Each structure stands twice: as structure tokens, then as C-alpha cells.
Amino acid sequence: MEPTATTAAPGVRRMPAWLAGLLPLGVLAVAIVAFVLLDAPGLERSGVPVEDVAVERTELHPGEIELQLRNVGPDTVTIAQAIVNDAFVPFETDDPELGRLEASTVDIPFPWIEGEAYEVALLTATGGAIAAPIEVAAETPGADVGFYGLMALIGLYVGIIPVAIGMLWLPWIRRIDPRWIRFLLALTVGLLAFLGIDALLEGTEIAATGAEAFGGAGLVWLGALVAYLALAGIDSGMRARERRARAAGAGGFTLALLVAVGIGLHNLGEGLAIGSAYAVGSLALGASLIVGFALHNTTEGLAIVAPVAERAPPLRRLALLGLVAGAPAIVGAWIGASAFNAGLAAFLFGLGAGAIAQVVVQIAPSLRDTAGRLFNPLAVGGLLTGLALMYATGLLISV
Amino acid sequence: MKKISRRKLLTGGSLAAAVPMVHALVPHRGVHDALGAEPGHAATGHAHPRSFHVGAVGSVDPRVNGFDPHAILRDFDRGTVRREGGRTVREWEIVAEDKEIEVAPGVKYAAWTYNGRVPGPTLRATEGELLRIRFVNGSEHPHTMHFHGIHTAEHDGVPGIGPGDIQPGGSTVYEFEAEPFGIHLYHCHSTPLADHIAKGLYGMFIVDPAEGRPEADELVLVQNGFDTNFDRSNEIYAVNTVAFAYMERPIRVKRDELVRIYLLNILEFDLVNSFHIHANFFNRFPTGTSREPTELTDTIVQGQGQRDILELRFPYTGKYMFHAHVSEFAELGWMGFFEVVD
């Protein structure tokens with residue numbers, strides 16, 4: 001017998017469980033109604049309407065500028081006029097009146113010129129201006145098969161090939177002193193830490209350009225948390241399986257896979273950035289930049305193979321690791337090219353950062369020396385070398 | 001050089017102001033050609049399939065505003081006239097009123113007005129008359145009326161002197177003699193001054209010479225602008241308040257008839273305004289205080305508060321543009337047409 005049953009007083013009918021569950025909701029509803037009926041202060045918004053419209057995407061087609069808008073403010077916004085370079089211009093829109101979170105497209109026929117900058121703005125019915133500057137005008141590529149092929153090619157060059165090249169260090173790693181493996185693992189952590197910080201900063205920066213209503217910079221941290229928790233769950237699951245298979249498994253492959261997943265998520269964000277830059281027609285990539293990317297990402301390959309140095313996995317598995325780390329760059333490029341959105345980008349950068357944080361936590365115990373010290377000279381040397389390496393190769397693609 | 005990270009560089013469309021610089025610095029023509037990635041470089045060139053005209057979309061309904069730029073053109077308010085002790089006295093009542101007006105199609109502006117219109121009524125008197133303006137403040141803010149002309153300090157309509165600021169619900173009477181003859185203006189002089197003027201508290205004030213001027217088709221053109229988003233620069237420019245009003249409906253004038261334009265610049269936030277007429281020249285009478293024109297030209301520049309009388313005849317029929325020769329002002333609303341008919 002349930003102990004609670006005996007506590008009910010005789011003669012008092014017990015409340016059904018569903019009603020007990022709904023009771024607090026009912027009380028809350030009554031309280032809210034009372035609050036409204038009593039004309040509580042702050043309920044009625046007054047003053048000038050708050051207009052906050054995000055320009056989610058700008059596309060340029062011959063003789064046309066297309067803006068995709070989303071109203072992320074609390075009030076309805078009506079688009080009244082369009083201005084390009086201090087001139088009222090004609091425009092067409094499917095819906096000039098945008099309710100909260102509603103999206104709309106504005107088409108402006110305008111004879112824009114390749115390579116020039118434009119100040120585009122929309123005037124709302126209250127006279128507010130929504131700015132949509134174009135830094136370098138270039139035609140938005142049509143999203144056809146050829147374009148997706150091109151994105152795949154760039155993803156291949158920026159993602160998969162450098163990682164694969166980096167993995168060629170495996171035979172060398174296998175021959176060096178085990179103490180140096182520890183150094184290389186520390187180096188890996190350094191590389192990852194750099195990438196993680198980079199992803200957080202970039203994500204926050206991109207989030208600032210998007211709609212605050214969707215979470216803004218909070219999306220980056222949310223993404224990081226989601227990735228960290230998901231990977232921690234997957235990791236413990238994989239470890240359990242590995243334990244069952246091999247009682248004394250060092251988990252080298254699991255660790256390498258986690259590193260690859262972390263880097264893969266990071267490359268997803270990178271691909272997203274590349275694709276979106278292409279989509280808005282502002283990709284300022286020279287051949288030197290692609291080379292810079294490739295060099296930069298080569299170190300990621302090294303990070304993947306370091307954990308599996310002791311027991312080299314079959315080639316098939318190595319290829320899998322390479323794909324897991326590199327291929328997301330292609331996927332990211334596709335997403336970015338077809339559906340770039342600052343909020344999505346921020347979230348994906350967050351995912352990358354969270355994944356990296358989880359991997360760093362995983363690798364950290366391997367850095368301990370025989371005395372159990374985490375920050376031993378070799379490990380610290382590796383960490384700093386990793387950071388320095390990333391910084392140095394980063395310079396190749398920074399101006 | 002400003003450091004930009006790699007992703008910032010890549011997402012230049014939304015983030016990096018430095019991208020054009022980088023784009024120019026990095027040799028990459030080969031990349032574009034090889035990848036065919038930016039077809040604009042090679043394929044589209046500068047072909048523009050659609051025709052393109054500057055102008056606002058839609059139109060402003062004068063019934064909503066309660067005033068029509070076309071009516072303002074030839075609307076002279078001569079007040080009521082009476083004789084007092086052998087002297088002509090001219091009287092007006094002007095009410096300040098807060099009123100939302102439509103300054104471009106679909107764009108509303110919370111204006112401050114004299115008699116419910118922007119610009120306020122064009123007051124017209126003859127030199128030597130005694131002018132009496134009863135000012136009633138029906139606005140929610142203190143205002144004044146400050147007249148250009150020659151008068152005592154008491155009636156200058158500035159805060160702290162004479163009646164000073166007229167509080168909401170209050171009223172006062174400004175009284176002075178109409179002198180000198182010419183084209184003047186009146187405006188609110190409460191502080192902050194720029195706001196009180198920019199919001200619409202201004203109008204034209206014409207003093208005719210006693211012997212009059214030759215018969216003509218007389219037009220009032222008040223050059224103004226509106227800072228709709230409060231960033232201390234104008235989003236909309238116009239003559240007589242409504243952007244492109246005379247593009248949509250040209251100003252009709254008769255061929256060979258003398259046209260006299262009373263032109264006033266009351267623009268805030270920009271140092272100068274200008275007036276240019278197509279296919280014609282005009283005689284310019286600065287401030288209208290001389291009966292001799294100073295020049296024959298087709299373009300003049302006016303500073304803030306400056307005004308001129310322009311006289312011309314159109315020898316040919318047809319539609320002729322007139323606009324600010326500051327192209328920015330023109331394309332943000334300050335342009336129109338004269339339609340010359342027989």
C-alpha cells in the first residue's frame with residue numbers, strides 16, 4: 001500500500017492527480033487576469049513605436065537589389081520608401097507591413113555597378129531608417145548545380161585536403177619518443193583552444209549583426225552548451241561500448257573521433273562563412289587566401305592523428321576521421337550559400353566552440369606526466385606551441 | 001592597417017568595411033576567372049535590363065494633411081485690414097498646433113505647425129502698414145513667432161525678451177511696421193532652435209513695395225527638409241513640404257507670362273540649398289529689397305534663411321524640370337516640373 005494513502009483524512013476526497021498538477025497553472029491565470037483588470041502599470045506601451053528590422057540577406061542581381069527583412073522588434077513596421085545612395089528609388093514588396101517576427105522581401109530595381117559600395121536604406125512609415133549597406137557590389141551567384149559544385153570544391157580545398165595532409169604526420173609520430181606524443185597532444189589542445197576562442201569571438205561578432213530577437217550572442221553560448229553536452233553523452237556511450245569490446249581499451253580511436261567531430265563542427269562554421277560570403281557576392285578570396293586556409297587547417301590533421309599514434313587504426317578508419325573533420329566545410333558552404341542567417345551562423349559557431357571544449361576536456365588527462373602533473377614543462381610547451389602555430393598560420397589569412 | 005580575422009574577411013558583406021581594400025590588395029583576378037565565381041566580373045558587365053527612374057513610390061493625399069503643396073504655391077494670406085487713426089492696420093491670428101503630416105508617400109512626421117500647415121501661411125503686407133499678429137500657442141510646447149524685418153526688441157519673438165516664450169495655452173500680440181519691402185520669413189525662436197524650426201514652425205512673410213510690382217503669376221517656393229529619424233540630417237527634402245509633389249503634378253504656368261517666384265530656404269542640418277531651372281534663365285532679386293536684378297542666371301545657392309525673388313518667362317511650351325542642384329536633395333524629394341501651356 002502507498003504510504004500517502006494512509007495520510008488522507010477519512011471522509012476527505014482526495015484531489016485527482018491531474019487536477020493537482022493543473023492547480024498552480026489555474027492560480028497563475030487568476031493572478032494574471034487580476035493584474036490586468038487592476039490596470040497594473042507598464043502593461044500598455046506608449047510613445048514612439050520601437051522599430052527593429054533586421055536585413056537578413058541582401059542579394060544582387062543584374063539591375064536589382066533584393067533585401068530580405070525580418071521584423072524583430074515589438075511593433076508592426078510598415079516599409080514606406082526605399083533609398084539608395086541618397087535617392088528615393090522605386091521598389092516592390094510582397095508585404096510592406098511586417099508584424100512581429102514576420103519576414104518580407106523588398107525588390108529594388110537599381111542599376112548597380114560591379115565593385116562599388118552602396119548605401120541602401122528603407123524608410124518606414126514613422127520615418128525610421130533601416131540601413132542595408134552593400135560594401136562591394138557583386139552579383140549574387142545563382143544557386144545552381146555548378147554553384148554547389150564550386151562550393152564543394154572550395155570546401156574540399158579548405159576542409160578535407162588540409163586535414164588529410166596533416167594526417168600524413170602519423171608515420172612520423174609513431175616513431176618518436178612517447179614523451180613527445182604527450183607534447184603533440186598538448187600541441188593539439190593548444191590548437192583547439194585557439195580555434196575554440198576564435199569560434200566564440202566570431203560567433204559573437206556575427207550574432208551582433210543579426211536579429212537580437214532570436215537570442216543574439218546568447219545563441220553562441222547556447223550552441224556551445226548543446227555541443228558540449230551532446231558530445232559528452234556520445235563520448236560516454238562510445239567508451240562504454242569500447243570497454244565492453246576491449247577490457248583495457250586506451251580509447252585512442254574514440255578520442256581521435258571526438259577530436260575529428262570537434263574540428264568538423266568548427267569547419268562547418270568555417271564553411272558557412274565561406275558560403276554566405278559567396279552568396280552575398282563579397283568573397284574577397286584570392287588564391288593566397290585559400291592557400292593560407294589550407295596551411296592553417298593542416299595542423300588540424302595533426303591534432304586528429306596524435307591520439308591514435310600508439311595503435312594506428314586501419315586506413316579505412318583514418319579516412320573516416322579525415323572526412324568527419326573536413327567534409328562539414330562543404331556542408332557548411334552549402335548551407336551558408338543557400339540560407340545564410342546571422343542567428344544560424346552564431347549557433348553553428350557556438351556548436352564548434354562547445355565541441356572543441358569537450359574535446360579539450362577529454363584530452364587533458366593524457367597530458368599528465370608520470371608524476372601526475374597536468375602543467376608539466378612539456379605539456380605547457382606543447383600548449384604554447386599550438387597557440388603560436390595557429391596564430392602564425394592565422395596571419396597568413398589575415399590582413 | 002586594421003586587422004581583420006579570416007572569417008570577418010569572408011563575411012565581408014555584412015561585417016568588414018575593409019573588404020574593398022583587401023579585395024584590391026590581393027591579386028586574385030585569376031581566381032575569379034578560374035572559378036567563375038563572381039560572374040559579374042566577366043558576364044554581366046554593366047548591362048541593366050530594367051529602366052530606372054528616381055522617385056518616391058505612391059502619392060500623398062492632400063486631404064489627409066489638410067493642406068496641398070499646389071494650393072500653398074499661390075496662397076497669400078493678406079489678413080484683415082482696418083483703418084486706425086488714418087493708418088492701415090493689418091491683422092492675423094496664427095495658432096501653433098502639433099500635427100502629424102505626411103511628408104513623402106507613406107512617411108508620417110510629427111510636425112509642429114502654424115495654422116496646421118507646413119510651411120505656415122504666407123503673410124503678405126505692403127510697406128508702411130502696421131502689422132498686428134495675434135499668436136496663440138495651441139501646441140504642447142512653448143513657442144514664439146520671430147519675424148525678420150525691422151522692429152522693436154519687445155516684438156522680436158525671442159525667449160527672455162518682451163513676452164518671450166509663449167507657454168502652451170498662452171497667447172501674445174506682435175506688432176510692428178512692415179519694412180523694408182522684400183521677401184522675408186518668420187519662424188519660431190524657442191530653443192532648441194534647430195528643432196523648433198526643423199519641425200515645421202516657419203513661413204514666408206512678404207512686404208510689397210508701396211508702388212507694387214509688375215503683374216505676374218506669383219509662386220511661393222519654400223525649400224525645406226525633414227529629419228524623420230532624428231539623426232540630425234534630413235531623410236526627405238522638398239519645396240513646400242511634400243517630396244516630389246510637383247513631379248507628380250507639375251506647376252502649370254502660361255507661355256510668355258511673367259512668373260515671379262518667391263524662394264526661401266529654411267532647411268536645417270544642411271548649410272546650403274540651391275535652385276536650378278532647366279532650359280531657361282531668371283532675373284535674381286536678392287531678398288527682394290532692390291528693384292534691379294543682380295544677375296541673370298539659371299542656378300542660385302541659398303544659405304539657411306536666405307531668400308530671393310526670381311522673375312522669368314517661359315518662351316516655349318512643355319515640361320521643364322526645376323530642382324536643387326545639390327543632387328542629393330533633388331533625389332530625396334526636392335525636384336519638380338513646370339508645365340508651360342499656351
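A:Met15 sits in the loop between helix 1 (3-7) and helix 2 (17-37) of chain A. The model is predicted.

A:Met15 belongs to a nonpolar patch on the surface. Other members include A:Trp18, A:Leu19, A:Leu22, A:Phe35 and A:Val36. Together the patch residues have about 1,100 Å² of accessible area.

Now turn to charge. Side chains of opposite charge can pair when their charged atoms come close. Over all chains, a search of the whole structure finds 24 salt bridges. One of them is in chain A, where the side chains of A:Arg57 and A:Glu59 meet at 3.0 Å, N to O. Is this pair buried or exposed? Both A:Arg57 and A:Glu59 are buried.

B:Glu211 forms a salt bridge with B:Arg291, and their closest N and O atoms are 3.3 Å apart. This pair links distant parts of the chain, 80 residues apart. B:Glu211 lies in the loop between strand 10 (202-208) and strand 11 (217-226) of chain B. B:Arg291 lies in the loop between strand 16 (282-286) and strand 17 (295-297) of chain B. B:Glu211 counts as exposed because its relative accessible area is 55%, over the 50% cut-off. B:Arg291 is partly exposed, at 36%.

Strand 16 of chain B also holds B:Arg284. The side chain of B:Arg284 meets that of B:Asp308 in a salt bridge of 2.8 Å, N to O. B:Asp308 lies in strand 19 (residues 307-312) of chain B, so the pair ties together parts that are 24 residues apart in sequence. Both B:Asp308 and B:Arg284 are buried.

Salt bridges can also join into a network. In chain B, such a network links B:Arg82, B:Glu84, B:Glu91, B:Arg132 and B:Glu175.

Why does B:Leu73 count as buried? Its relative accessibility is 1%, and buried means under 20%. Which residues does B:Leu73 touch, leaving out those up to four places away in sequence? They are B:Glu218, B:Leu219, B:Val220, B:Leu221, B:Asn240, B:Tyr246 and B:Ile251. Of these contacts, take B:Asn240. B:Leu73 and B:Asn240 are 167 residues apart along the chain, yet 7.9 Å separates their C-alpha atoms.

Note on methods: Residues numbered from 1 in each chain as written. Chains lettered and ligands numbered in written order. Predicted model: local features only at pLDDT ≥ 70, side-chain atom pairs only at ≥ 80, totals over all residues. Heavy atoms only, no water. Salt bridge = Lys/Arg side-chain N within 4 Å of Asp/Glu carboxyl O. Buried < 20%, exposed > 50% of the residue type's maximum accessible area, 1.4 Å probe, protein only. Helix = DSSP H or I, 4+ residues; strand = E, 2+ residues; numbered from the N terminus. Contact = heavy atoms within 4.5 Å. Patch = residues over 30% accessible without salt bridge, like charges linked within 9 Å, V, L, I, M, F, W, Y side chains within 5 Å. Areas by Shrake-Rupley, 256 points an atom, 1.4 Å probe, with all protein chains shown as cover.
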